[in-house]
Amino acid sequence: MRIKEILVFSKATLFIALMLIISAAFARDISRFIRRVLGAGYFALAVHAVLIFLIIAVLIFLIHCRAETKRILFLLIPLFITLALIFQIRLPEEKIHFLEYSLLAYLASRDASGKRAKNLLISVFLFCLLVSFADEIFQ
């Protein structure tokens, strides 16, 4: 198995990964600023509003592209699991972070979906793990 077969990700996936790493240094400062301006209650409400907007956007996308049932399940099952976990997290910043990594994992798995199942899991896991290590280092 060659490296080229494992790590083939789109520019969009690499861009999201890079933004996660770069934004690690100042994301908490931005969230503190927004919380100070809006207040803690409205900040949490805004985060939940963004999450609901994203759910609606995904559903509209699926309806618009007339996706097959397999693809709909491929998107909706992880989305609902993510949402169930997100609403258990208390800090709004961590909810956003969880959502960012969910998006990264989805994009990475979509890019690697042409590979065999074993390669898909290995490449997506290693890629997300590498990005998360870099993210924590820069925080």
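Okay, quick ground rule on classes before we start: Ala, Val, Leu, Ile, Met, Phe, Trp, Tyr, Cys and Pro count as nonpolar, Asp, Glu, Lys and Arg as charged, and the others, Gly among them, as polar. This is a predicted model, so local features need pLDDT of at least 70 and side-chain atom pairs pLDDT 80 or more, while totals for chains, interfaces and linings use all residues. Residues are numbered from 1 along each chain as its sequence is written, and side-chain values use heavy atoms, without hydrogens or water.

Let's go to the largest pocket, which holds about 1,400 Å³ of space. By pocket I mean an open set of points on a 1 Å grid over the protein atoms alone, where a 1.4 Å probe fits, with protein on both sides within 12 Å along at least five of seven lines; a lining residue has an atom within 4 Å of a point. The volume is the space filled by probe spheres set on the points, which are joined across faces, edges and corners.

There are 48 lining residues, and Leu-99, Glu-100, Tyr-101, Ser-102 and Leu-103 sit closest to the centre. Helix 2, helix 3, helix 4, helix 5 (69-86), helix 6 (92-111) and helix 7 (117-138) each give two or more residues; helices here are DSSP runs (H or I, at least four residues), numbered from the N terminus. Helix 6 has the largest share, with 14 residues. So what's the lining made of, by class? We get 33 nonpolar, seven polar and eight charged residues.
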